[in-house]
Amino acid sequence: MSKPTKEERQDAIAHILSKNAIESQDELLTQLSDKGFELTQATLSRDFREMKVAKTPDAAGNYFYRLPSVQLPQPKAEKYGMTSTFSRHGIINIEFSGQLAVIKTPGGYARGVAQDIDINNIPGIMATVAGNDTVLIVLRENSSKTDIINALKLLFSRE
């Protein structure tokens, strides 16, 4: 029996990643071995670079290996919130209460999201406070929630 080609190996990697939630390279190496592919972690890392595989968080903050074409599962909308169309860029949802807005993010994303908001001086936003997975936004009086959402969409839906 001949040794599988690089293309066959990468096809197998793509198939496994598209069907399974893979958290570690060891887990993927085991599944590849079960399918007759024997390779080292270094070879797998090279394949990941070529295939642009990345370890990305899901809506709950768990990290999995994904191909660039794989869309993250969309979180369910809260009754009084807005589930964003830009969650893969760090925002899961936004809820407003008076002059405050609370943005939920995957774990570890809140500081970056808050920094992006602060740097861009969005009209209507006075300040942000970031935790691990939550950003508190203090809105200026009479600011439009629709304008805030639209500004955030523009900021976070860039490719």
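1. Reading from the N terminus, the elements of the protein chain go α-α-α-β-β-β-β-β-α-β-β-α. That comes to 5 helices and 7 strands. Keep in mind that this is a predicted model.

2. On confidence: the protein chain has a mean pLDDT of 81, with 81% of its residues at 70 or more. The stretch to watch is residues 70–88, where pLDDT stays under 50. The model still has 39 contacts beyond four places in sequence for residues 70–88. Where pLDDT is low, the predicted coordinates should not be read in detail.

3. Some totals for the protein chain. Of its 159 residues, 36% are buried. Take the contacts between residues at least 6 apart in sequence, and 44% of them join residues at least 24 apart.

4. Now helix 1, which covers residues 6–19.

5. Which residues of helix 1 are buried? They are Arg9, Gln10, Ala12, Ile13, Ile16 and Leu17. Looking down the axis of helix 1, these buried residues fall within an arc of 155°, so they line one face of the helix. Glu7, Asp11 and Lys19 are exposed, on the other side of helix 1. As for partners, the buried residues of helix 1 pack against helix 2, helix 3 and strand 2.

6. Helix 3 spans residues 41–51, and its buried residues are Thr43, Leu44, Ser45, Asp47, Phe48 and Met51. They pack against helix 1, helix 2 (25–34) and strand 2 (63–66).

7. How do helix 1 and helix 3 sit relative to each other, roughly parallel or roughly perpendicular? Their packing angle is about 75°, and their axes are 11 Å apart. Angles of 65 to 115 degrees count as roughly perpendicular, so helix 1 and helix 3 are roughly perpendicular to each other. On the helix 1 side, the contact is made by Lys6, Arg9, Gln10, Ile13, Ala14 and Leu17. Helix 3 brings Thr43, Leu44, Asp47, Phe48, Glu50 and Met51 to that contact.

Definitions and conventions
Residues are numbered from 1 along each chain as its sequence is written. This is a predicted model: local features need pLDDT of at least 70, side-chain atom pairs count only at pLDDT 80 or more; totals for chains, interfaces and linings use all residues. Side-chain values use heavy atoms; hydrogens and water are left out. pLDDT is the predictor's confidence in each residue, from 0 to 100. Contact means heavy atoms within 4.5 Å. Buried means under 20% relative accessible area, exposed over 50%, partly exposed in between (1.4 Å probe, protein chains only). Helices (H or I, at least four residues) and strands (E, at least two) are DSSP runs, numbered from the N terminus. The arc is that of the directions from the helix axis to the C-beta atoms. Axes are lines fitted to C-alpha atoms, for helices over the stretch in contact, and angles run from 0 to 180 degrees between N-to-C directions. Angles under 35 degrees count as roughly parallel, over 145 as roughly antiparallel, 65 to 115 as roughly perpendicular and the rest as oblique.
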